[in-house]
Amino acid sequence: MGKKGDLSNSERGMVVGARRAGLSISQSAQLLGFSRTTISRVYKEWCEKGKTSSMRQSCGRKCLVDARGQRRMGRLIQADRRATLTEITTRYNRGMQQSICEATTRTTLRRMGYNSRRPHRVPLISTTNRKKRLQFARAHQNWTVEDWKNVAWSDESRFLLRHSDGRVRIWRKQNENMDPSCLVTTVQAGGGGVMVWGMFSWHTLGPLVPIGHRLNATAYLSIVSDHVHPFMTTMYPSSDGYFQQDNAPCHKARIISNWFLEHDNEFTVLKWPPQSPDLNPIEHLWDVVERELRALDVHPTNLHQLQDAILSIWANISKECFQHLVESMPRRIKAVLKVKGGQTQY
């Protein structure tokens with residue numbers, strides 16, 4: 001006996017197609033594997049109503065949270081993004097004739113497109129610095145990719161030998177909590193780390209310099225004179241280059257400012273807005289290094305191995321990767337303008 005009951009939209013289309021091709025009900029049923037009653041009903045609906053889609057209502061228990069309830073739940077989410085499932089359920093049930101359980105709340109939220117996620121961490125931007133970011137964006141809104149090619153980007157970053165990753169999850173049974181395969185080892189202060197300073201432009205990757213101790217003004221002056229200066233004069237011999245640095249205290253020290261003044265005829269220091277890592281494309285290169293470190297088959301076990309791995313990864317970053325980041329600058333500027341100096345997706 002052939003298939004009975006309601007058919008999918010594609011199956012209904014096959015039935016109509018077979019009948020319109022001149023096949024009889026019996027021939028269509030034998031060809032498609034549906035019952036003759038189903039073939040007759042589907043073709044009749046198409047002849048009378050011109051439809052091949054199923055209008056059958058879904059079966060099952062009626063949803064406890066209707067459209068109005070979903071709007072109410074949406075308002076609760078908007079009012080408190082950090083509310084727990086229990087808190088949302090409790091607040092929703094207040095004043096409602098029919099209460100719902102947490103499972104229904106979870107199902108409803110997923111149906112609405114909400115999922116529990118860890119919040120994206122971004123710098124807190126003060127009102128004053130928001131204005132400065134907006135001023136910077138307005139001053140550079142007409143810069144093209146060709147203009148941004150004249151900027152050399154720089155920054156420092158620290159990479160830990162051991163790092164606790166809260167995103168890691170495992171599958172285990174209730175009594176396996178102390179099984180060695182279910183543990184993640186931690187070391188105080190991450191087991192130490194390696195700090196590096198790096199720079200790059202659209203044209204090429206610049207040097208990556210390990211920093212032995214805390215970076216102060218004296219150490220940074222050595223980096224500027226030994227690495228920034230030769231890079232800028234080599235890459236921009238026409239003195240049309242811009243050097244970007246953030247507003248870290250060692251970058252703004254008097255001896256650093258005086259050094260840049262003495263060399264202002266060779267390149268220009270880009271006036272950088274505070275709290276703006278989203279505007280600095282080198283931040284994404286640090287992400288690349290971090291991901292490659294985690295993906296290593298053999299992880300570094302000491303600081304020397306970690307430093308060697310970082311230097312190797314940096315040297316092998318593709319040209320397409322860092323050029324693409326520089327080419328994103330006009331979009332980054334537009335994003336800052338759109339949010340009036342606020343935080344962007346970058």
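Select Asp 80 and Arg 91 to begin, whose side chains meet in a salt bridge at 3.2 Å, N to O, the term meaning a side-chain nitrogen of Lys or Arg within 4 Å of a carboxyl oxygen of Asp or Glu. Asp 80 sits in the loop between α4 (67-79) and α5, whereas Arg 91 belongs to helix α5, so the pair ties together parts that are 11 residues apart in sequence. The structure holds six salt bridges. Helices (H or I, at least four residues) and strands (E, at least two) are DSSP runs, numbered from the N terminus.

This is a predicted model, in which local features need pLDDT of at least 70 and side-chain atom pairs count only at pLDDT 80 or more, while totals for chains, interfaces and linings use all residues. Residues are numbered from 1 along each chain as its sequence is written, and side-chain values use heavy atoms, with hydrogens and water left out.

Next, display the open sheet of five strands, which has mixed pairing and the order β3-β2-β1-β4-β5; two strands pair if DSSP finds at least two bridges between them. At its edges are β3 (205-211) and β5 (268-269), each of which pairs on one side only. Zoom in on β2 (residues 193-200), which pairs with β3 in the antiparallel sense over five bridges, and find Trp 197 standing opposite Val 209 in β3.

Helix α9 (residues 217-235) lies across β1 (151-160), β2, β3 and β4 (242-243), running at about 35° to β2, where contact means heavy atoms within 4.5 Å. Helix α11 (residues 282-294) lies across β1, β2 and β3, and runs at about 35° to β1. Axes are lines fitted to C-alpha atoms, for helices over the stretch in contact, with angles from 0 to 180 degrees between N-to-C directions.

Finally, move to α13 (residues 319-327) and α14 (residues 329-338), two helices whose axes come within 5 Å and cross at roughly 35°. Select His 324, Leu 325, Val 326 and Glu 327 in α13, which meet Met 329, Pro 330, Arg 331 and Arg 332 in α14. The residues of this contact divide into four nonpolar, one polar and three charged, with Ala, Val, Leu, Ile, Met, Phe, Trp, Tyr, Cys and Pro counted as nonpolar, Asp, Glu, Lys and Arg as charged, and the others, Gly among them, as polar.
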